[in-house]
Structures are given as C-alpha cells and as structure tokens.
Amino acid sequence: MKLYLFFGAFLFTLSGFAQEDTAWKEPSKESQAYHKYRQHLTYPPYSFDKINQLVRKQVVTDSEDNLVMKDKAYEALSPREKFTYIMIHGESYSQNCDAMPPIQDEQTKIFGYLPDVFNEFTWSDRQKKFLTDNRDSVMAWMQECASKNNRIGVNFKTALGLINGKEMIPYVIKTYQIKHRDNDLLTLLMLLMKDNNYAPFISSATYKKLYGDNSNYQDFIVANKANRDLILKRAMDFYNEHKK
Amino acid sequence: MNIKNSLFFFILLSVTKTFFAQDTSSFVQVPKGEYFVGKKGHLLNPYRKADIESYFISKTEITNLQFEKFINATGYKTDAERMHNAMIFVPGLKEFEWEQDSTAYWRYPNGKSRGGIENKMNHPVTAISYTDAIAYCKWAGVRLPTLDEWEIACRAGSTTDYFWGNDRSQIKKYANIWYGRNHLTADSTDGYMYTSPVASFAPNPWGLYDVYGNVFEFCEGELYGKPKNKNIAHARGGSWWCSKNACNFFNSFDIGRVNIHASFSNQGFRVAKSY
C-alpha cells in the first residue's frame, strides 16, 4: 500500500510538473511591439519608387533566378540609387542559424549583436564593397535620411557596423537621447568599440558578458540606466580619443 | 484509472520508452505516441506535447554516395549548379559571413579550388538546397522528417537541451562542431574543419548519428503556430560551422530558417518514411 501511495504521489508530481511546463507564455504586448520596432528599416528617399519597383519586378525574392540585379542594370544606377537599392534589398542568402530568435521582454535588454536586416537574405560582396568604398558618402546620406524622423533603422545600423562608422558616434548618441528607446543603438556603439579594440571597453565586465570566451551571439545585458549611461559615456570617450 | 492501474501504466511506459526505438538496418522506427517537444520559454519552439504516428527515420545523414546515385539515375541539376550561387566558408570570414562561389555545388562543396568529394563519399552531402533535398526524397521514395519527428528522434525520450542532459561539454563525444572562438582561423579540434564521415561520433540512445553538428538537417513543416511561408525551409541540429559563441544550434530545440533555394556547405538532410 505504501508503495502504491509513493508511486501515486510520484505520478501526481509528474503530472503537475508537466502542466506547469507546458504553460505557453505569450510575450507581453510591449515585448512584441519592441521586437517589431527593432526590425524597422530606414528607406532612403533617393529614387526610392524607381528602385523599389526594380526590386519588385526584376529582383523578386521568391524567384530562384532573379535574386541578384543584373550587372548592367546595377551599374546604370547612380551612387545614391545604389545606396537605396542596398538599403532595401540583400542579394545573397543568410545561413540557417543567422536569425536571432525572439525572446521574452525584449525591450528590457541590450543585446550584443544586431538583429537580421533582411531575414533569410543578406548583402552580397558587391553590395558590401559599395558601402565600404563609399563610406563617407554613405554616412552623409544616412544622416540626411535618419534625421527626418530621428530613427536609425536596422539596415543603417548594420551598415554602420560594416563600414566601421565611428565618426557617426555623436550622431548615434544624439539620436538615442531623443527617445531613449532604441537599445540597438547602444548595441551599435558597443560593436564599434569592440571592432576598434577600445581598451577600456575590451577590459570591461560588459565586454566579457557579451563578447567574451563564453558568450553567445544572443547574449544581452539589462537595459537599466546605469548600463545605458555607461555605454554612452564609454562610446563618447572612445570617439574623443579617436579624434585626437 | 486507480492507483494500481496507474502504476502498471507508468511501468509499462518506462519499459516501452527504453525499448521502443526498433533498429531496422539504416532506419530507426519510432512508435506512434505522445512525446514532449520544445523548450520552456522558447518562443519559436515552446514546450508542448506532440502526437505522432509511427515513422522511420534514417540513422545517418544522406551521404555523397547516396546523393550521387540519385544524380546518376536522374540527371538532376541542383539549385547551385543552375544558379551558381552556393555559399561557401573559408577561415578568415567574420561571424555569420559566407562567400558566394559560382563553382561550388555538391561535388565541390567549398568551390572547385578546394577540391571535390572523391575521397569523401561517406560524408553527408552538402551545398544542396531544401528544393534539392525534396527532389532526392521523391526519387528515393522517402520524405524529410517533420520538425516534430526530427526532434522526437533526436531527443530519444529526453526533455533536456541535449539527449544526454543539459551539460553542453559532453557534445565532444557526439558531434562535429566548431571549437574556435571565432571563424577567423581554422579549427579542427575534433578532427574535422568541415564535414566528417557520417557516424564518426557516438549515436544517441536510439541509434541516430550526428543529430547535433556535422550538417544542418532540413525538415518539413512550419514553426509552431506560425503560418506557412513557401519560400522558407527549416533545418535543425547545428553543423560543423556552429560554435558555442556563434549559432549554438547543436541542441534539441533550436530551429533555423533559410531560403528554399539557398545552398550552403553546412546544409544536408536525413530522411524519414511512414512505413
């Protein structure tokens, strides 16, 4: 009898445990809204309608043959039009595990890396080359575009990381301080400090947590005031030292 | 059900779980039943019960030799051969960066300049797309496992992150993955930089090899509760490219996504059948 009771209690425990584990917790509306906010792209106005039409017609992403704009058509674009094209379309594929899975309470976190720009697509070699070869113009165009609504989309942030746009640090900080919402701008600042081996950042606890030997690309720190202020201060210090 | 019957059912379930993955040559049979899949708190793959019918799943990933038989029999041209846009990896690239190589396809997974598969016929086929995997399956009279079927077979009765528990360090015994801190320099810590011959590492308790690492394995189906996107395929289990710092998908719960025509040298598949 005691044995039956023991197994009965065990089964009851298992049952209760399973019920608790299977409970599906929907992310809060705030978290979902912030997840969407992070995916925002900034659309350059330079011949946007023309380029968008080209992308839709000639470079339809569900067609296996037309992912890449034909060389002749691409070369016919002006530099600003190329910039628009690159900011709204990736010509190459992203690998299977590239996408950062959504998580709970995203708005309370500062991640070590930026989210994907184009989901299962990414920039091709020629697109990346254009951005790096024209980095001064690219930064000027970005500032012109982003100033209209004080948003720096994930496409612009990723491009700034790619071209090592450290000259834009004051602008990024200024944009962040207008709304104090886009934690990915703080991520961008950290990536710039990391990629430039800025010693005070490299030796910090934040670096160890986000980019250290045991870190993972999905890692984050809490988006509290202390962390935010520290990132902004370090980034500005880095910028000022870099200027000298 | 009284306590006595409950006890009997519990013991029966335990005994069944120990023996129910029957070995039939190159396939393992998974019986019809109710299994736990997913991970608590995971938004793309929440912890839940899944009811499935009995199915068979291949013990190993499909090899170059098996894929060659399909090509020889059908003359099929893969996506990479037609579009010349396979994505390859060479040490020195930043995290998550791949290079497009017009010469790469399944016979030359990392481009012609890096050699072919002549001496790697027992490695998993790679540089193929989801579309190519489907074509193989149609020819071979099999199918891809569904996301749930893959996970159930991978888990082998476990509900932990890995089929042995939650200790990631044991991965060395079971999988070909990337141990370098980044991908700027080559890493062959486990003996292989790219793919390894299938079944080079220890199997899971049901006899499946390489469920983690070696190549990402294409599956059928959509994410739980999400609408179907005809241009996206899902693949699971991580690959030789995946490290604990980047990707980290060599586990039982993560699910990736990729364009159905994308061909990477870390993508492959295993197959399933319903009878």
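Guide: We start with the model, go on to the helix packing, and end with some loops.

This is a predicted model: local features need pLDDT of at least 70, side-chain atom pairs count only at pLDDT 80 or more, and totals for chains, interfaces and linings use all residues. Residues are numbered from 1 along each chain as its sequence is written, while chains are lettered from A and ligands numbered from 1 in the order in which they are written.

The model has an ipTM of 0.84 and a pTM of 0.87. Residues 1-22 of chain A fall below 50. Beyond near neighbours in sequence, that stretch has 14 contacts in the model (C-beta atoms, placed from the backbone, within 7 Å). Chain B averages 91, with 91% of its residues at 70 or above, that is, scoring at least 70. Its residues 1-24 are below 50, and that stretch has 23 contacts beyond near neighbours in sequence.

Now to chain A. Its secondary structure holds 13 helices and four strands. These are DSSP runs numbered from the N terminus: helices are H or I, at least four residues, and strands are E, at least two. Chain A has 244 residues, and 34% of them are buried. Buried means 20 or more other C-beta atoms within 10 Å of a residue's own, exposed means 12 or fewer, and partly exposed lies in between. Among contacts in chain A with a separation of 6 or more, 79% join residues 24 or more positions apart.

Two numbers describe a helix pair. Packed helices are described by the angle and the distance between their axes.

Take helix H3 (residues 48-58) and helix H5 (residues 79-88) of chain A. Their axes come within 9 Å and cross at roughly 50°. The axes are lines fitted to C-alpha atoms over the stretch in contact, with angles from 0 to 180 degrees between N-to-C directions. The angle is why H3(A) counts as oblique to H5(A). Under 35 degrees is roughly parallel, over 145 roughly antiparallel, 65 to 115 roughly perpendicular, and the rest oblique. The crossing of H3(A) and H5(A) is right-handed. Right-handed means that the near helix is turned clockwise from the far one by less than a right angle, and left-handed means anticlockwise.

Which residues of H3(A) and H5(A) make the contact? H3(A) brings A:Phe48, A:Ile51, A:Asn52 and A:Val55. H5(A) brings A:Glu81, A:Thr84, A:Tyr85 and A:Ile88. By class, that is five nonpolar, two polar and one charged. Here Ala, Val, Leu, Ile, Met, Phe, Trp, Tyr, Cys and Pro count as nonpolar, Asp, Glu, Lys and Arg as charged, and the others, Gly among them, as polar.

Stay with H5(A). A:Lys82, A:Phe83, A:Thr84, A:Tyr85, A:Ile86 and A:Met87 are buried there. The buried residues of H5(A) pack against H3, helix H6 (125-133), helix H7 (135-146) and helix H8 (154-162) of chain A.

Move on to helix H9 (residues 169-179) and helix H10 (residues 183-195) of chain A. Their axes lie 10 Å apart, at an angle of about 160°. That angle is why H9(A) is called roughly antiparallel to H10(A). This crossing is left-handed. From H9(A) come A:Ile169, A:Val172, A:Thr175 and A:Tyr176. They meet A:Leu185, A:Leu186, A:Leu188, A:Leu189 and A:Leu192 of H10(A). The contact has eight nonpolar residues, one polar and no charged.

Finish with loops in chain B. Most residues other than glycine have a negative phi. B:Ala127 has a positive phi, near 60°. It sits in the loop between E7 and helix H4 (130-140) of chain B. B:Ala127 is buried, with 28 other C-beta atoms within 10 Å. B:Ala199 also has a positive phi, about 65°. Its loop runs between helix H6 (171-174) and strand E8 (216-219) of chain B. B:Ala199 is partly exposed, with 17 other C-beta atoms within 10 Å.

B:Gly238 lies in the loop between strand E9 (232-236) and strand E10 (258-259) of chain B. It is buried, with 31 C-beta neighbours inside 10 Å. B:Gly256 is 18 residues away in sequence, and the C-alpha atoms of the two are 8.8 Å apart. Leaving out residues up to four places away in sequence, B:Gly238 touches several residues, including B:Ile177, B:Tyr212 and B:Phe249.

Note on methods:
pLDDT is the predictor's confidence in each residue, from 0 to 100. Two residues are in contact if their C-beta atoms, placed from the backbone, lie within 7 Å.
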